[in-house]
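Trainee: Let us go through this one together. I will ask, and you point me to the residues.

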Amino acid sequence: MSSKTFVRLCATAATLALTGLPAAPTFAYRMIQNTAVGRVSAGAAVTCSAPGGFTHWNIRNISWYLNTANQGSGKATAVQNAMASWTNVTSANHVLTYAGTTTSGWSTDGRNTLLWASGNGCTGSCLALTALVLQSGQVIVETDVTFNNNVTWTITGSNYDTESVAAHELGHTLGIHHTELTSTPSPTMKATYFGSGARSLETDDRSALQCSESRY
């Protein structure tokens, strides 16, 4: 097990950051609940039927841009593959589209951006962090993902695998929290990094996306 984490999201205000520390054993997918308006990187983990609802998109087509600065160069295929994993879920209709490169960064600017940087709240054991921009009603209108540029990123499946971490973070951008399932194979939304196995979604991940789409 790596000593790195993807994204931390606590029961009250956990951050959306992936690391590699051991996850607490529990049971199934959870959604992100945060009733704030504006830019957030944290939320409560709730079930699909939670009375307070959860963060979600009101559109199905979501365009993504890649900032190629730092280690972002050469990562287009990896992030497109991660987008396709979520787009191709049966009985789900979100479409994640690669819209090209950008110089945009970790800011609320109307553009969904994947970027590599040192900082942005993702340091130490954090591998990547997601920010959601929310409107009233927990509606997601923008999101960014920052990858920790202080660790080495690959596209080969070895540590740290860009496609695997991107697939995990894109789950957060769709309103999905960390899973509480501890069985094998591990879901992509497991809280800790477990290598290239996170490239492929499991039933738990697909069910979370289908839950998200129930908000339409």
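Mentor: One term to begin with: a disulfide here is a pair of cysteine sulfur atoms within 2.5 Å. Keep in mind that this is a predicted model.

Trainee: OK. How many disulfides does a search of the whole structure find?

Mentor: The search finds 2. One joins C122 to C126, with an S to S distance of 2.1 Å. The other is formed by C48 and C211, whose sulfur atoms are 2.2 Å apart.

Trainee: Is the disulfide of C122 and C126 left-handed or right-handed?

Mentor: The torsion about its S-S bond is about -100°, so the link of C122 and C126 is left-handed. For C48 and C211 the angle about the S-S bond is 110°, and that link is right-handed.

Trainee: Which parts of the chain does the C48 and C211 pair link?

Mentor: Distant ones, 163 residues apart. C48 is in the loop between strand 6 (42-46) and strand 7, and C211 is in helix 3. Counting bonded cysteines along the chain, the pattern is 1-4, 2-3.

Trainee: And C48, why does that count as partly exposed?

Mentor: Because its relative accessibility is 30%, and buried means under 20%. C211 has 4% and counts as buried. C122 and C126 are both buried.

Trainee: You put C211 in helix 3. What does that helix pack against?

Mentor: Its buried residues pack against strand 4, strand 7 (56-57) and helix 1 (76-87). Those buried residues are D204, D205, A208, L209, C211, S212 and E213.

Trainee: Switching to charges. How many salt bridges does the structure hold?

Mentor: There are 5. In one of them, the side chains of R30 and E180 meet at 3.1 Å, N to O. That pair links parts of the chain 150 residues apart: R30 sits in the loop between strand 3 (17-19) and strand 4 (31-33), and E180 in the loop between helix 2 (162-173) and helix 3 (203-213).

Trainee: R30 and E180: buried or partly exposed?

Mentor: R30 counts as buried at 15% relative accessibility, whereas E180 counts as partly exposed at 22%.

Trainee: Which residues are linked in a network of salt bridges?

Mentor: D161, E163 and R199. D161 and R199 meet at 2.9 Å, N to O. D161 is in the loop between strand 12 (139-148) and helix 2, and R199 in the loop between helix 2 and helix 3, so the pair ties together parts 38 residues apart in sequence. R199 also meets E163 at 3.5 Å, N to O. E163 is in helix 2, so that pair ties together parts 36 residues apart in sequence.

Trainee: Last topic, confidence. What pLDDT does the protein average?

Mentor: The average is 90, and 88% of the residues score at least 70. Over residues 7-13 the pLDDT is below 50, and that stretch has 41 contacts in the model beyond near neighbours in sequence. Residues 21-26 also stay under 50, with 15 contacts beyond four places in sequence.

Technical notes. Residues numbered from 1 in each chain as written. Predicted model: local features only at pLDDT ≥ 70, side-chain atom pairs only at ≥ 80, totals over all residues. Heavy atoms only, no water. Salt bridge = Lys/Arg side-chain N within 4 Å of Asp/Glu carboxyl O. Helix = DSSP H or I, 4+ residues; strand = E, 2+ residues; numbered from the N terminus. Buried < 20%, exposed > 50% of the residue type's maximum accessible area, 1.4 Å probe, protein only. Contact = heavy atoms within 4.5 Å. pLDDT = per-residue confidence, 0-100.
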